[in-house]
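Here is a short report for a reader new to this structure. Keep the sequence and the 3D view side by side while reading.

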Amino acid sequence: MGIILIYVFAWRKLEPVSYLFPDMPNRISVIHPTIFMRALFTATMLLCTAAIAFAQTTVVEVIPLRYRTAQEMIPILQPMLARDGSLSGFQGQLIVRTTPANLEEIKRILASVDTAPRQLMITVRQDADISSGRSSAQVSGSVGGDHGRVTVPGNHDSRGGTAVLREGDDRLRLHVIEGSRNESSSNTQSLRVMEGREAFVSIGQSVPVRGREVRRTVVGGQVVEQVVDSTQYRDIATGFYVLPRVSGDRVTLDISPQRESLSRQVPGGVSVQSMVTTVSGRLGEWMEIGGIGQDASGQQSVLLGRSVSTTRDSRRVQVKVDEAP
């Protein structure tokens with residue numbers, strides 16, 4: 001606890017008087033009531049004068065916004081305010097309380113940033129290339145003599161080519177299958193949006209997914225199981241979310257594209273391609289934001305035969321931003 005030293009002016013001499021801080025006003029008012037009242041009056045007047053002076057140096061003004069929102073402008077202008085100033089927004093307007101000089105500075109900054117946002121056309125292209133191949137060869141037939149005969153059955157696949165050799169009762173059959181399939185698809189979506197604004201677009205369809213379920217019921221005290229075919233519809237959608245920001249001829253995108261398709265490997269399954277990223281590039285240029293590649297191969301061997309299959313799945317996503325007229 002501190003000690004405050006007060007010099008009391010009297011007619012003949014200067015008397016130093018010290019008191020502990022908590023009860024100092026009471027003791028002064030008892031010993032020197034006139035001096036205490038004068039000091040209190042002087043302090044009050046000084047505070048009132050300071051408050052009036054500060055009020056005279058601050059102004060309040062309501063500034064209407066032309067293109068931007070208050071939520072966009074406040075983070076930009078807040079660091080520019082004077083020390084005791086304040087800034088708030090209400091229904092497309094800024095309410096500023098600050099000094100006159102600082103208010104003029106705020107207005108100059110606002111005039112340079114409260115401009116019409118650009119209209120942008122964002123195009124997302126999602127490509128998929130799927131190729132598969134299969135090759136198989138099998139020998140079957142029957143060969144024998146007086147002491148026995150060996151027979152190797154073959155399959156009854158009508159695809160491919162077959163060569164048959166016969167000599168007497170002997171018969172050899174060579175069955176060969178060689179095939180490939182290539183499938184390509186491209187999905188393009190475009191969306192018009194203002195810079196600095198979020199946008200989302202999605203298109204798709206509901207597809208039937210068939211399945212089976214087992215239903216159990218109690219009949220006559222016994223549990224009876226019944227297999228029932230069912231059909232459910234599932235939404236398959238393709239779209240993207242995007243937030244563009246433009247600086248000069250360069251654009252920065254927060255983008256999240258997604259593509260769904262029915263799976264060829266899993267009946268009733270859905271293949272999903274999605275990503276979340278931030279990219280930057282020039283206006284009017286295609287930017288590749290991601291891709292997926294998958295290779296699969298398998299082989300199967302049987303008596304006097306072999307089958308080999310390969311699958312390649314390649315997907316990529318590109319985006320382009322143009323300034324709309």
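The label covers the range between buried (under 20% relative accessible area) and exposed (over 50%), with a 1.4 Å probe and protein chains only. Gln119 sits in strand S6. Strands (E, at least two residues) and helices (H or I, at least four) are DSSP runs, numbered from the N terminus.

Contact means heavy atoms within 4.5 Å. Setting aside neighbours within four places in sequence, Gln119 is in contact with Arg192, Val193, Met194, Asp322, Glu323 and Ala324.

## Basis of the model

This is a predicted model: local features need pLDDT of at least 70, side-chain atom pairs count only at pLDDT 80 or more, and totals for chains, interfaces and linings use all residues. Residues are numbered from 1 along each chain as its sequence is written, and side-chain values use heavy atoms, leaving out hydrogens and water.

## Arg68 in a loop

Where is Arg68 placed? Arg68 belongs to the loop between strand S3 (59–64) and helix H3 (70–77). Its relative accessible area is 15%, so Arg68 is buried.

The Arg68 side chain reaches the backbone oxygen of Thr115 at 3.2 Å. Not counting residues up to four places away in sequence, Arg68 touches Met73, Val113, Asp114, Thr115, Pro117, Glu195 and Arg197.

## Nonpolar cores

A nonpolar core is a set of buried Ala, Val, Leu, Ile, Met, Phe, Trp, Tyr and Cys residues joined through side-chain atoms within 4.5 Å. The largest one has 20 residues. Those with the most contacts inside it include Ile122, Phe240 and Val319. Elements giving two or more residues to this core include S6, S9, strand S10 (199–219) and strand S11 (222–247).

A second, separate core has 13 residues, among them Ala70, Leu94, Leu103 and Ile106.

## A nonpolar surface patch

Val139, Val143, Leu165, Leu172, Leu174 and Val176 make a nonpolar surface patch of about 460 Å². Areas come from the Shrake-Rupley method with a 1.4 Å probe; for residues, only the protein chains shown count as cover.

Strand S6 (119–145) and strand S9 (170–194) each supply at least two residues of the patch. S9 gives the most, with 3 residues. Leu174 lies in S9. At 38% relative accessibility, Leu174 is partly exposed.

Methods
Patches are made of residues with over 30% relative accessible area and no salt bridge: like charges are joined within 9 Å, nonpolar side chains (Val, Leu, Ile, Met, Phe, Trp, Tyr) within 5 Å. A salt bridge is a side-chain nitrogen of Lys or Arg within 4 Å of a carboxyl oxygen of Asp or Glu. A polar contact is a pair of N or O atoms within 3.5 Å; within protein, one must be able to donate a hydrogen and the other to accept it, and residues adjacent in sequence count only if both atoms are side-chain atoms.
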